[in-house]
Amino acid sequence: MFDAVAERYDTTNDVLSLGLDRRWRRAVVAAVHPLPGERVLDLAAGTGTSSRPFADAGATVVPADLSLGMLRVGKHRQPDLSFVAADALSLPFADGAFDAVTISFGLRNVEHTEDALRELRRVTRRGGRVVVCEFSAPTLPGVRRLYRDVLLAGLPGVARVVSSNPPAYEYLAESIRAWPAQQELAALMGRAGWRRVQWRDLTGGVVALHRGVA
């Protein structure tokens with residue numbers, strides 16, 4: 001599915017989010033706070049759009065994704081980045097290999113969430129950090145109703161106009177509805193071995209940033 005949408009993935013996301021995805025990704029970079037020389041794993045990196053700011057900050061970033069189609073498009077557009085094909089449930093990296101790990105809008109797509117969080121913990125050095133950016137549960141009742149009943153319901157229709165693979169965005173809406181709320185995800189992270197887990201709501205809780213320490 002992701003192979004099929006790779007070419008227009010970034011443009012489609014920009015249109016469907018009304019440009020908010022750029023603001024959310026900037027918040028991720030600020031939360032990770034990459035330092036020159038640090039090693040950062042950007043899991044579910046897709047075409048590497050989310051990875052570029054880490055490289056620009058002087059970190060050694062590894063954009064990793066399961067979709068070979070995404071990786072091919074990313075490598076063509078950003079040949080200087082070291083893209084790696086990787087399964088979130090069995091990462092091809094040594095224990096403690098990274099100073100920071102992050103995953104944006106990809107954890108929903110992993111079959112076993114807690115196992116993926118545990119794998120991220122394994123490849124993070126002691127004292128390193130994780131940042132998870134994911135769609136979440138809007139905190140204001142009015143926003144929640146608008147988001148669930150109007151925006152998500154209309155998403156497949158808009159995707160039919162702007163996307164190369166509209167069924168992929170029907171899946172997107174379904175996966176967002178089924179995703180756990182902020183507190184539930186924080187609990188999963190704690191069970192996976194992350195300490196001092198906290199979260200910050202973005203856009204009224206439409207998206208949440210969860211942070212933790214290894």
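Phe93 and Phe98 are both buried, where buried means under 20% relative accessible area, exposed over 50% and partly exposed in between, taken with a 1.4 Å probe on protein chains only. This is a predicted model, in which local features need pLDDT of at least 70, side-chain atom pairs count only at pLDDT 80 or more, and totals for chains, interfaces and linings use all residues. Residues are numbered from 1 along each chain as its sequence is written, and side-chain values use heavy atoms, with hydrogens and water left out.

**Aromatic pairs**

- The structure holds four aromatic pairs; rings of Phe, Tyr and Trp (its six-membered ring) pair if their centres lie within 6.5 Å, and planes under 30 degrees apart count as stacked, over 60 as edge-to-face and the rest as tilted.
- One of them joins Phe93 and Phe98 edge-to-face, at 5.1 Å centre to centre and with 85 degrees between the planes.
- The pair of Phe105 and Phe135 is tilted, because the ring centres are 4.8 Å apart and the planes stand at 45 degrees.
- This pair links distant parts of the chain, 30 residues apart, with Phe105 in the loop between strand S4 (98-104) and helix H6 (113-122) and Phe135 in strand S5 (residues 124-135); helices (H or I, at least four residues) and strands (E, at least two) are DSSP runs, numbered from the N terminus.
- Phe105 is buried at a relative accessible area of 10%, and Phe135 is buried at 14%.
- Trp24, Phe105 and Phe135 form one aromatic cluster.

**Helix H3**

- The buried residues of H3 include Trp24, Val28 and Ala31.
- After H3 comes His33, with a positive phi near 50 degrees.
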